[in-house]
Amino acid sequence: MDNQLTDWWPSPAKLNLFLHILGRNERGYHLLQTLFQMLDVGDKLAFRLTNDEKIILTNPLAGVADEDNLIVRAARLLQTTCKVTQGVTITLDKHLPMGGGIGGGSSNAATTLVALNELWKCKLNNTQLAELGLSLGADVPIFIHGETAFASGVGEKVFPVKIAPKWYLVANPGIHVSTAEVFAAAELPRNSSAINWHDYKFEETRNDCQTLVTNRHPEVAKLLQWLVHYAPSRMTGTGACVFATFASQAQAMEVQARLPIEWTSFIAKGVDQSPLKIKQQTVRAASDM
Ligand SMILES: C[C@@](CO)(OP(=O)(O)O)[C@H](O)COP(=O)(O)OP(=O)(O)OC[C@H]1O[C@@H](n2ccc(N)nc2=O)[C@H](O)[C@@H]1O
Ligand SMILES: Nc1ncnc2c1ncn2[C@@H]1O[C@H](COP(=O)(O)OP(=O)(O)O)[C@@H](O)[C@H]1O
């Protein structure tokens, strides 16, 4: 008999508060320094275990074939690795814009790995899950660890940090920017000097992809020009979303209320520990009782 739908598992967004490109490794991947800020909002996923081996997504994403969906790929990867004989039906409650530099797809993959590791009783630890996740995307490990962190290498060397709590207005210019296209561009600067995390100040850092993306996509430039008038603002990841930083939720709401209707947006709080990490700890504590 099939099991019941589980409760919802959070799949939060992230911001790259800065993104410096230091060079490239022998495989052509970019060596970065970045500060991953976990946010308290995102998508949600629910899982219903089944007694056949099928992995089914009840609500496919427009433009993404199920076999390419990172949720289905993550579930299949865990099922094969741990020789699981059960299947799963997955429901996705999608809110995060795709290809926005806020990590929606990577976060969905991480939530799938973390949740099914518990539900299928695979008993992998987070380091093992992160290793599996890295084969799906560079940002999957950071969502599995679920902590605001300074990252280097190609993003795999992660050092959790605590930074002053801030509120963010995250605005979407309504376009999709391909990570692969940004990293393939000849004019992308790749020569930033390494910084020491302890010396980090927002205003002394930048996003090395921002000039390239704003030159190629005037919508991103227009949005940034509007936001920077109100608060310190920057593009996240390889775009296209842009964030503005505030000390309080009320200040963020005030600017959101003025945002021209052509741009969608959401407000999120920066958190040290992601909602997924908290959920994993809660589920594990309950199963230990
Ligand atoms: C640079 C970041 C910062 O968060 O950008 P966003 O995707 O969030 O915007 C990410 O690490 C991106 O991670 P992700 O989007 O998972 O990238 P992947 O699927 O692993 O890689 C897409 C393509 O980007 C290039 N790539 C990616 C990461 C990296 N450090 N160097 C690269 O050169 C590779 O050509 C790769 O084929
Ligand atoms: N579950 C998923 N959610 C979002 N995007 C997905 C998913 N599965 C596959 N993708 C693909 O991954 C691409 C990058 O998605 P996303 O992680 O949201 O962007 P970014 O890496 O810029 O933050 C999407 O354009 C889409 O083609």
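The end C-alpha atoms of residues 69–146 lie 21 Å apart, and this span is 55% helix and 9% strand. Helices (H or I, at least four residues) and strands (E, at least two) are DSSP runs numbered from the N terminus. The UniProt annotation "domain: GHMP kinase N-terminal", from an unreviewed entry, covers residues 69–146. UniProt positions follow the numbering used here, feature names are shortened, and annotations may be inferred rather than shown by experiment.

The model is predicted: local features need pLDDT of at least 70 and side-chain atom pairs count only at pLDDT 80 or more, while totals for chains, interfaces and linings use all residues. Residues are numbered from 1 along each chain as its sequence is written, with chains lettered from A and ligands numbered from 1 in the order in which they are written.

The protein chain has 9 helices and 10 strands. Its radius of gyration is 19 Å, close to the 19 Å of the globule rule for 289 residues, so the chain is as compact as a globular protein of that length. The radius is taken over C-alpha atoms, and the rule is 2.2 Å times the number of residues to the power 0.38. Buried residues make up 41% of the 289 residues. A residue is buried if 20 or more other C-beta atoms, placed from the backbone, lie within 10 Å of its own, exposed if 12 or fewer, and partly exposed in between.

The domain assignment, automatic or from a database, gives domain 1 (9–161 + 275–288) and domain 2 (167–271). Their centres, taken over C-alpha atoms, are separated by 23 Å. The contact takes 29 residues from domain 1 and 34 residues from domain 2. Two residues are in contact if their C-beta atoms, placed from the backbone, lie within 7 Å. On the domain 1 side, β1 (9–24) and β2 (30–50) each give two or more residues. The largest share, 11 residues, comes from β1.

Ligand 2 is surrounded by 18 residues, counted as near if the C-beta atom, placed from the backbone, lies within 6 Å. The closest are Leu70, Gly99, Gly104, Gly105 and Asn108. Both α1 (70–81) and α2 (104–119) supply at least two residues of the shell. The most come from α2, with 4 residues.

His229 sits in the loop between α7 (218–228) and β8 (233–235). His229 counts as exposed because it has 11 C-beta neighbours inside 10 Å. The C-alpha atoms of His229 and Asp288 are 51 Å apart, at a chain separation of 59 residues.
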